[in-house]
Amino acid sequence: MAANFWTSSHCKQLLDPEDVELVPAADRERGITPEEFRLVKIHMSFHIWRLAQQVKVRQRVIATAVTYFRRVYTRKSMSEYDPRLVAPTCLYLASKVEESTVQARLLVFYIKKMCGTGSDDKYRFEIKDILEMEMKLLEALDYYLVVFHPYRPLLQLLQDAGITDLTQFAWGLVNDTYKMDLILIYPPYMIALACIYIASALKDKDTTSWFEELRVDMNIVKNISMEILDFYDTYKIDPQRGLPDDKISPVLNKLPAKS
């Protein structure tokens, strides 16, 4: 794997916010709005997280899977690539890339267990579906699979600032950033700094002089921080279940039916 973020494919693929939020033409034709597009990405990030809890993989695998998921939809439409299949396939691919391989049959087993029968049937897929979608995802991602995350810089920066007692709180904030598209837009260390900025403010730690010594662009740190706080204000999400079904089902029903 690339050892340096600045020379990595991840760095070269950072996008402007408007490019990340753009609804693909095929989805617009089906009446999917920018807000609905955002809701599906939030919902399926939770789906990946819940499935990952079942198969017991590291947080890094989940983060990589969600990054793949979000990156795919900057290039492909949800009408063309069903998010209910793309999500578990991203987890499958990420588990291999992060050397924590999960068997496709295990994912299929837990999807069926989680979803049961009835209205959740659209989430049920077979092994061959995941393996076929994996090849499509590799092409959609241009085979660029290395992802850098904020977790390592977060730990290094907290130690440097002498506030390692905020580790658990700041780590939780980083986890929540994967419910947004920040990882596609900003360098991971800037996301880590924003989480430290929020954590230190909420826990009454004075980090002003430390931030000044870093000589980073505080406007970017504050902008990321505001995006995170705005997300909390806008979306009241059950940390275990994600978005309520009545909010997400009407959007998913706009997508083509499973063949």
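Author: Gladly! Buried residues make up 51% of the 259 residues in the protein. Please keep in mind that this is a predicted model.

Reader: What makes the protein as compact as a globular protein of its length?

Author: Let me begin with its make-up: there are 15 helices and zero strands. The radius of gyration is 18 Å, and the globule rule gives 18 Å for 259 residues, so the protein is as compact as a globular protein of that length. Along its principal axes, the C-alpha trace spans about 60 × 35 × 30 Å. Of the contacts with a separation of 6 or more, 77% are between residues 24 or more positions apart.

Reader: Let's turn to the aromatic rings. Why is the pair of Phe5 and Phe148 called edge-to-face?

Author: The whole structure holds 11 aromatic pairs. In the pair of Phe5 and Phe148, the centres are 5.7 Å apart and the planes are at 80 degrees. Phe5 lies in the segment before α1 (9–12) and Phe148 in the loop between α8 (127–140) and α9 (151–161), so the pair ties together parts that are 143 residues apart in sequence.

Reader: How do you know whether Phe5 and Phe148 are buried or exposed?

Author: Buried means under 20% relative accessible area. Phe5 has 9% relative accessibility, so Phe5 counts as buried. Phe148, at 16%, is under the cut-off too and therefore counts as buried. Both residues belong to one aromatic cluster, formed by Phe5, Trp6, Phe148 and Tyr189.

Reader: And what makes Tyr197 and Phe211 an edge-to-face pair?

Author: Their ring centres are 5.7 Å apart and their planes are at 80 degrees, so this pair is edge-to-face. It links distant parts of the chain, with Tyr197 in helix α12 (residues 188–202) and Phe211 in helix α13 (residues 208–214), 14 residues apart. As for accessibility, Phe211 is at 4% and counts as buried. Tyr197, at 28%, lies between the 20% and 50% cut-offs, so Tyr197 counts as partly exposed.

Reader: Why is the charged end of Lys203 said to sit over the ring of Phe169?

Author: The charged end of Lys203 is 4.7 Å from the centre of the Phe169 ring. The distance cut-off is 6 Å, so that part of the test is passed. The test also asks for a position within 35 degrees of the ring normal, and Lys203 is listed as sitting over the ring.

Reader: How do you know that the buried residues of helix α10 are on the same side?

Author: Helix α10 (residues 167–177) has Ala170, Leu173, Val174, Asp176 and Thr177 as its buried residues. They cover an arc of only 160 degrees around the axis, which puts them on the same side of α10. What covers them includes α9, α11 (182–185), α12 and α14 (218–234).

Reader: Which residues have the most contacts inside the largest nonpolar core?

Author: Those are Tyr68 and Leu91, in a core of 90 residues. Helix α4 (residues 34–55) supplies the largest share of this core, 10 residues. Leaving out residues up to four places away in sequence, Leu91 touches Ile48, Leu51, Ala52, Val55, Val57, Val61, Ala65 and Leu107. In soluble globular proteins, nonpolar side chains tend to be buried together.

Reader: Finally, why is Leu15 called partly exposed?

Author: At 28% relative accessibility, Leu15 falls between 20% and 50%, so Leu15 counts as partly exposed. Leu15 is in the loop between α1 and α2 (17–21). Its contacts, apart from neighbours within four places in sequence, are Val20, Thr74, Leu184 and Ile185.

Terms used. Residues are numbered from 1 along each chain as its sequence is written. This is a predicted model: local features need pLDDT of at least 70, side-chain atom pairs count only at pLDDT 80 or more; totals for chains, interfaces and linings use all residues. Side-chain values use heavy atoms; hydrogens and water are left out. Rings of Phe, Tyr and Trp (its six-membered ring) pair if their centres lie within 6.5 Å; planes under 30 degrees apart count as stacked, over 60 as edge-to-face and the rest as tilted. Helices (H or I, at least four residues) and strands (E, at least two) are DSSP runs, numbered from the N terminus. Buried means under 20% relative accessible area, exposed over 50%, partly exposed in between (1.4 Å probe, protein chains only). The arc is that of the directions from the helix axis to the C-beta atoms. Contact means heavy atoms within 4.5 Å. A nonpolar core is a set of buried Ala, Val, Leu, Ile, Met, Phe, Trp, Tyr and Cys residues joined through side-chain atoms within 4.5 Å. The radius of gyration is taken over C-alpha atoms; the globule rule is 2.2 Å times the number of residues to the power 0.38.
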